[in-house]
Amino acid sequence: MPEQPAATQPETLVSVGIPVRNGATTLRAALDSVLRQKHRRIEVIISDNASEDDTATLCQEYAQADPRVHYFRQSTPLRGWQNFQFAFEQSTGDYFMWAAHDDVRDPDYVGTLLRGHRRNPSASLVFSDLVVFAPPASPQDFPIEPYEFSTAGLSRREALRRLYRRRRYYEIYGLFRSAALRNYNWAQSGFGEDLLFLTWVLLTGDAVYEPGSRFYYAKHLQSRQQHIARHSLKAPPAFQVEQLVWQGAGIATAETHTVIRLPCRVACFIDFHWQWHHQVRARKPSSRLSNWVRNFLRAALQRLRASRAR
C-alpha cells in the first residue's frame with residue numbers, strides 16, 4: 001500500500017505558534033498563509049504579547065471564524081523569547097513550528113516539512129527553501145537564497161561549527177519534533193536565546209533540508225536600528241548572558257551586577273557547554289573547559305575585588 005501524503009494523514013497534528021506584539025498590519029497575511037496550508041490538521045496558537053494596536057481584534061476575528069485558532073493574550077508584556085516559549089507550551093501536536101507575524105510560506109510548506117521528517121527519522125528539525133524579501137514588495141519577486149544549514153552527515157562538532165559561523169538562523173521557523181522540544185530547559189539569558197535553542201536542537205538530532213517549498217522571511221530595513229534604539233535605555237543584553245554564566249559556574253551572584261565584558265559569543269558558547277552537560281549528558285560538567293571557565297571567572301572576580309580595594 002503506498003504511503004499516504006502528509007495532507008491526508010489524520011494522525012499527524014502540527015502545532016503552529018505565533019508570538020506577536022503590535023503586528024496588526026502584517027498579521028493577517030501571516031495567518032492566512034498558515035490556515036491555507038494543504039495539510040489541514042493544524043492548530044494555531046497565537047500569543048498576543050500585550051499588543052497596543054488592533055492585534056487583539058484581528059486575532060479574535062480569526063479565532064471565531066476557525067476553530068483551529070486558539071488565542072491567548074498576555075496581561076503584561078513578556079520578553080520576546082518568553083513569548084515564543086509560551087506559544088510552544090500551549091501546543092499539543094506531534095510537530096511544532098513558529099510563525100512570525102510578518103512572514104509567509106507556500107501552501108505546501110507544512111506538508112513538505114512533514115515529508116522531510118518521514119524521510120529522516122533522526123531529524124530534529126526540517127527546513128525548506130528560503131526567500132528573504134523586503135516589505136512592502138511582493139515576496140514572489142525575490143529569488144531563493146543560498147542557505148547552508150543542513151547538518152545531515154556531519155558530526156556534532158561539525159554541526160555546531162556550521163551553526164556558530166552564521167549570523168542568521170532562519171531555520172528556527174522550520175518544523176520540529178515536539179517530543180524533543182519538551183525536554184528543553186528554556187534559557188532566558190536576554191541575548192542569543194535562538195542560538196542557545198538551536199544548539200540544543202542540533203545536539204539531539206540533525207537539521208535536514210527538504211526542497212520543494214518556500215519560506216518567505218520579511219527583512220525590514222529599519223528593524224536593526226529600531227532594535228538598538230529600543231534597548232538603548234536598558235542594560236546591554238550581553239550583561240544578562242554574563243550573569244547567567246557566573247551563576248552556572250557556581251560563583252556567588254552578589255557581585256554579578258559588576259560585569260566583566262566577555263565577548264558575547266564566548267559567553268554564549270560557555271552557556272552552550274553547560275546546557276549540553278546538564279541536558280544531554282544529565283550530569284554536572286566536569287570537562288577541562290568547565291574547569292577553565294570556573295577558574296577564569298574566579299580570577300576575574302579576584303581582580304575586581306583587588307581593584308576596588310585600591
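Helix α5 passes helix α7 in a right-handed crossing. Since this is a predicted model, please read everything below as computed from that prediction.

The residues that make this contact are Arg156, Ala159, Leu160, Leu163 and Tyr164 on the α5 side, with Leu195, Leu198, Thr199, Leu202, Leu203 and Thr204 on the α7 side. Sorted by class, the contact of α5 with α7 has eight nonpolar, two polar and one charged residues. As for the geometry, the axes of α5 (residues 156–164) and α7 (residues 193–204) come within 10 Å and cross at roughly 155°. An angle over 145 degrees counts as roughly antiparallel, and that makes α5 roughly antiparallel to α7.

Now to the other helix pair. Helix α1 (residues 24–35) packs against helix α2 (residues 55–65) at an angle of about 20°, and their axes are 9 Å apart. Angles under 35 degrees count as roughly parallel, so α1 and α2 are roughly parallel to each other. The crossing of α1 past α2 is right-handed. On α1, the residues that meet α2 are Ala24, Leu27, Arg28, Leu31, Asp32 and Leu35; their partners on α2 are Thr55, Leu58, Cys59, Glu61 and Tyr62. The contact of α1 with α2 divides into seven nonpolar, one polar and three charged residues.

Here are the two pairs set out in a table.

| Helix pair | Crossing angle | Axis distance |
|---|---|---|
| α5 and α7 | roughly 155° | within 10 Å |
| α1 and α2 | about 20° | 9 Å |

What about space inside the model? The count comes to one cavity of 30 Å³ or more, and the largest cavity has a volume of about 40 Å³. Its lining is made up of Leu125, Phe149, Thr151, Leu163, Arg166, Glu171, Leu198, Leu202 and Ala207. By class, the lining of the largest cavity has six nonpolar, one polar and two charged residues.

The peptide bond from Pro135 to Pro136 is cis, with omega near 10°, and Pro136 sits in the loop between β6 (123–133) and α5. Asn22 is not a glycine, yet it has a positive phi of about 55°. Asn22 is found in the loop between β1 (14–20) and α1.

Key. Residues are numbered from 1 along each chain as its sequence is written. This is a predicted model: local features need pLDDT of at least 70, side-chain atom pairs count only at pLDDT 80 or more; totals for chains, interfaces and linings use all residues. Side-chain values use heavy atoms; hydrogens and water are left out. Axes are lines fitted to C-alpha atoms, for helices over the stretch in contact, and angles run from 0 to 180 degrees between N-to-C directions. Helices (H or I, at least four residues) and strands (E, at least two) are DSSP runs, numbered from the N terminus. Angles under 35 degrees count as roughly parallel, over 145 as roughly antiparallel, 65 to 115 as roughly perpendicular and the rest as oblique. A crossing is left-handed if the near helix is turned anticlockwise from the far one by less than a right angle, and right-handed if clockwise. Contact means heavy atoms within 4.5 Å. Ala, Val, Leu, Ile, Met, Phe, Trp, Tyr, Cys and Pro count as nonpolar, Asp, Glu, Lys and Arg as charged, and the others, Gly among them, as polar. On a 1 Å grid over the protein atoms alone, a cavity is a set of points where a 1.4 Å probe fits but cannot get out, and a pocket is an open set with protein on both sides within 12 Å along at least five of seven lines; lining residues have an atom within 4 Å of a point. Grid points are joined across faces, edges and corners, and a volume is the space filled by probe spheres set on the points.
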